[in-house]
Amino acid sequence: MPLPKAELHLHIEGTLEPDLAFELAARNGVKLPYADTDELREAYRFEDLQSFLDLYYELMAVLRTERDFEDLADAYLARAATQGVRHAEIFFDPQAHLARGLDMGTVVEGLWRALGRSEENHGISTKLIMCFLRDESADSALETLDAARPYLDRITGIGLDSAEVGHPPVKFREVYEAAAALGLRRVAHAGEEGPPEYIAEALDLLGVERVDHGLRCMEDPALVERLVRERIPLTLCPLSNVRLRAVDTLADHPLPAMLDAGLLCTVNSDDPAYFGGYAEDNFRAVRESLGLTEERLRELARNSFLASFLEDDEERRARYLAEVDAYAF
Ligand SMILES: [Zn+2]
């Protein structure tokens, strides 16, 4: 049994495996421009961010009904359970679906059909985080938040994802203020391909409680000191960083230096169907490539629960932490 962990940086659309893509395409009469799953699997070997995003958005066309979103989430949760995931805070990208003519209810209720039964079916507690696409306009983000109002009992927080450079956090200040007023938790991707200034801006202007990626904080010692002092969690995604060239090889990943600096780091899978591995695959990869000790791995697992939005159930958090402490490697 793998080390128990929480997954805090996971895009549900990024868990679409080739087999399920073909199954959903057949169910919905959507024609994919690939002969079979083998040819599609070849396409998953993209080499840069743009070819990844092209494929990612192309394949979303197979998601049409509540049942499709349910099947997508259910397939992820089943896999995550085998990877030691005990709690998952799952991102979704509503704008990508609304733009295709779906409504918010189809997406949220579909996902919820799987999430609502996740504990009994997979032994995983869940939360849902709605992300805004940062290359879309600020007005579009505000409209999306409005469309989500009837479903806020299902949604714990908001996030910010997609192409980072040229879309600084300040662009989304208004929608983050509106979300805070609605009692939503706040996270944002920052400092993956964008500069360290975006991390400080996300903290100061958007009020984020957790930074997704954030690895470029290492270029700014004062920022590192602040993140340590304020105990701001960072959700790192090592295999994703290699595939999207944020680092050259896994052996070059700054994770050990970040832990040495006292940063509250977690390890996550981002878009696992595309980036070569789920949560435990990432743990195994950093263990092998970076020589992390068992105590470091235990620290990462503890951090994942400490950084999770389980303030509404501290008893559960304590139970998960006890599982990590009792884990025998
Ligand atoms: Zn991400």
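Author: Let's start with a loop. Arg-245 sits between helix H12 (238–243) and helix H13 (255–260). Keep in mind that this is a predicted model.

Reader: Is Arg-245 buried or exposed?

Author: Exposed. Its relative accessible area is 57%, and the cut-off for exposed is over 50%.

Reader: What about the phi of Arg-245?

Author: Phi is near 65 degrees. That is a positive value, and Arg-245 is not a glycine.

Reader: New topic. Which residues are the protein donors of the zinc ion?

Author: His-9, His-11 and His-189, each through NE2, plus Asp-270 through OD. They lie 2.1 to 2.3 Å from the zinc ion.

Reader: Why is the arrangement irregular?

Author: Because the angles between the four donor atoms run from 82 to 171 degrees. Tetrahedral would need all angles between 85 and 135 degrees.

Reader: How are the donors spaced along the chain?

Author: The spacing is H-x1-H-x177-H-x80-D. His-189 lies in strand S5 (residues 185–190), and Asp-270 in the loop between strand S8 (264–267) and helix H14 (272–275). So this pair ties together parts 81 residues apart in sequence.

Reader: Are His-189 and Asp-270 buried or exposed?

Author: His-189 is buried, and Asp-270 is too.

Key
Residues numbered from 1 in each chain as written. Predicted model: local features only at pLDDT ≥ 70, side-chain atom pairs only at ≥ 80, totals over all residues. Heavy atoms only, no water. Donors = N, O, S within 2.8 Å, 3.2 Å for Na, K, Ca; no water. Tetrahedral: all angles 85-135°; square planar, octahedral: opposite > 155°, others 65-115°. Helix = DSSP H or I, 4+ residues; strand = E, 2+ residues; numbered from the N terminus. Buried < 20%, exposed > 50% of the residue type's maximum accessible area, 1.4 Å probe, protein only.
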